[in-house]
Amino acid sequence: MLKKLWRGKSEGWLFISAALILFLFFSLYPIIDSLILSFYTSRGIVYKFNGFGNIKRLLSDQMFYTALKNTMIYLIIQVPIMLILAVFLATLLDSAKLKFKSFFRTCIFLPCVTSLVAYSVLFKMIFAEKGLINNILLKTGLFKIGIPWLTDPFWAKVTIILALLWRWTGYNMIFFLAALQSIPKDMYEAADIDGVNKFKQFFYITIPQLKPILLFTTIMSTIGTLQLFDEPMNLTMGGPANSTMTISQYIYNVSFVYAPNFGYAATISYTVVLMIALLSYVQFKFAGDDA
């Protein structure tokens, strides 16, 4: 079989050999090795085969459930708001009547090219106890004391969600904007002639045409949120009292902060992989065959 694959295609295999070797060593090998590692438990450099012991531990791990709950809160609240805002902004910026569109597009897209650490530190300063936001709120006279943005479990989650919205809304907006510009304008002209108002045009023409991009951005946003690490780590360190800790941050803690157990960390990581696969499958089924 290998001879059949090689025969007459040796030049092609030669061209992709470098990329193939890199893939095998830096992608495929770590995947297989981490899967094997998930069946071991470790203390430092000492590894012991544990079978399904890590899975049993995971099912009774209250800290994992806390991290899972926090991550799902970010997913359920932040992702829909972000995508709705992205569609709304893309629709506004696609208007032929709007002036300085390039300027507004650049301003909205700019946050997603900033450094993750830099913008997290900036948000930490702005939402500090005596930061810019609290100073503005106190000066309005509507508040007598500042809001504990980073020290209260509820407000800490709100701060992280606001940070995620600020950074990633513009990124998704670009996808929707590109899709909007590919919709034939004669569809809207025909709707205008038939007396269809703009509201109905949006829901019966624009949204169906955006369905493939909506599916793509939803899946990518879901994957990104389930892997969320930088914002909770830099803004709150997972606190207060683990109320903002995500699954990725818990994996980091199990690997490097607590007594290192890379086998258990690998098990949690593959749990995230299964969650991503399951949610992606559900989203594909929900979108239908025409997406």
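**Notes on the predicted model**

1. Helix α13 (residues 247-257) is largely enclosed by the rest of the structure, because eight of its 11 residues are buried; buried here means under 20% relative accessible area, exposed over 50%, and partly exposed in between (1.4 Å probe, protein chains only). The buried set is Ile-247, Ser-248, Gln-249, Tyr-250, Ile-251, Asn-253, Val-254 and Ser-255. Among the elements covering them are α4 (62-93), α11, α12 (230-235) and α14 (262-287), with contact meaning heavy atoms within 4.5 Å.

2. Before you go further: this is a predicted model, where local features need pLDDT of at least 70 and side-chain atom pairs count only at pLDDT 80 or more, while totals for chains, interfaces and linings use all residues. Numbering runs from 1 along each chain as its sequence is written, and side-chain values use heavy atoms, with hydrogens and water left out.

3. Now the overall picture. The protein chain has 14 helices and two strands, taken as DSSP runs (H or I, at least four residues, for helices; E, at least two, for strands) and numbered from the N terminus. Its radius of gyration is 24 Å, well over the 19 Å that the globule rule gives for 291 residues, so the chain is more spread out than a compact globule. That radius is taken over C-alpha atoms, and the rule is 2.2 Å times the number of residues to the power 0.38. The C-alpha trace spans about 70 × 70 × 30 Å along its principal axes.

4. On burial and surface, 33% of the 291 residues are buried. The accessible surface of the chain is about 18,100 Å², and carbon and sulfur atoms account for 72% of that (Shrake-Rupley method, 1.4 Å probe). Of the contacts between residues at least 6 apart in sequence, 66% join residues at least 24 apart.

5. Setting aside neighbours within four places in sequence, Ser-221 touches Val-79, Met-82, Leu-83 and Asn-172.

6. Asn-172 turns up again in the lining of the largest cavity, along with Tyr-171, Phe-175, Phe-216, Thr-217 and Met-220. The volume is about 30 Å³. A cavity is a set of points on a 1 Å grid over the protein atoms alone where a 1.4 Å probe fits but cannot get out, and lining residues have an atom within 4 Å of a point. Helices α8 (153-181) and α11 (211-226) each supply at least two of the lining residues. By class, the lining has four nonpolar, two polar and no charged residues; Ala, Val, Leu, Ile, Met, Phe, Trp, Tyr, Cys and Pro count as nonpolar, Asp, Glu, Lys and Arg as charged, and the others, Gly among them, as polar.

7. Some backbone spots to check. Most residues other than glycine have a negative phi, and most peptide bonds are trans. Phe-100, in the loop between α4 and α5 (101-109), has a positive phi near 55 degrees and is exposed, with a relative accessible area of 65%. Met-237 has a positive phi near 60 degrees and is exposed at 54%; it lies in the loop between α12 and α13. Pro-240 is also placed in the loop between α12 and α13, and a cis peptide bond joins Gly-239 to Pro-240, with omega about -5 degrees.

How values were computed
1 Å grid on protein atoms, 1.4 Å probe; cavity = no way out; pocket = protein on both sides within 12 Å on 5 of 7 lines; lining within 4 Å. Points joined across faces, edges and corners; volume = space filled by probe spheres on them.
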